[in-house]
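Here is a short report on one protein chain. Please look over the sequence and the model before reading on.

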Amino acid sequence: MMFGHQIAYRNVVSKYYHFRPEEMEQAFEDFVSILEENGYHPTGDMFFSILSDPTADEMTVEIFLPIEEDSIRKDIDEQVFFRSYFSIKPMVMTRVTENFDEQSQVKYWELVEYLQKNDLEQRTPIFVVYKKTQSGRTYVEMSVGVYI
């Protein structure tokens, strides 16, 4: 666990999705296609927040993606939201480097347990950020905002 982590991006768009865990990839693809169809250009790591109980059969998430543009048009048919700046700190973070499906559940509960053991109050939902190393290997950062 790493305390003191933060998430910070400029010009972030987001959209809420409700789906079964096995449909997550389709939600990511749908979001990117909506942005591309409307002429927006992603510039950073896609991330999402888990807004529902992680053990439920269906998930509610908000998917985020930084874009090059500094605003979005109001005539988009989809419910896409824009923030000129997105920042959460401080956060507690852990990484998942392999067996993502299996280890994500384990790491989620480790975060919850860490907060309890250290008397930290959760301030945000769990955020999940997909990242790549310089060698191209994918890993996931899972983090949660806390009050200090």
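## Burial and overall size

A residue counts as buried when its relative accessible area is under 20%. By that cut-off, buried residues make up 42% of the 148 residues in the protein. Keep in mind that this is a predicted model.

The protein has two helices and six strands. From the N terminus, the elements follow the order β-α-β-β-β-α-β-β. The radius of gyration is 16 Å, close to the 15 Å that the globule rule gives for 148 residues, so the protein is as compact as a globular protein of that length. Along the principal axes, the C-alpha atoms fill a box of roughly 45 × 35 × 30 Å.

## The barrel

Six strands close into a barrel, in the order β1-β3-β2-β5-β6-β4. Their pairing is antiparallel. On average, neighbouring strands of this sheet are turned by 45° against each other, direction ignored.

One pair can be followed in detail. Strand β5 covers residues 122-132, and β6 covers residues 138-146. Eight bridges join the two, which run antiparallel.

Does the length of α1 agree with its residue count, or disagree? At 1.5 Å a residue, its 14 residues should span 20 Å. The end C-alpha atoms of α1 are 20 Å apart, which agrees.

Which residues of α1 are buried? They are M24, A27, F28, F31, I34 and L35. These residues cover an arc of only 125° around the axis, which puts them on the same side of α1. They pack against β1, β2, β3 and β5.

The face of α1 turned away from that buried side carries the exposed residues E36 and E37. Exposed here means a relative accessible area over 50%. After α1 comes G39, whose phi is positive, near 80°.

Terms used
Residues numbered from 1 in each chain as written. Predicted model: local features only at pLDDT ≥ 70, side-chain atom pairs only at ≥ 80, totals over all residues. Heavy atoms only, no water. Pairing = 2+ DSSP bridges. Helix = DSSP H or I, 4+ residues; strand = E, 2+ residues; numbered from the N terminus. Axes fitted to C-alpha atoms, helices over the stretch in contact; angles between N-to-C directions. Expected span 1.5 Å × (residues − 1). Buried < 20%, exposed > 50% of the residue type's maximum accessible area, 1.4 Å probe, protein only. Arc of directions from axis to C-beta. Contact = heavy atoms within 4.5 Å. Rg over C-alpha atoms; globule rule 2.2 N^0.38 Å.
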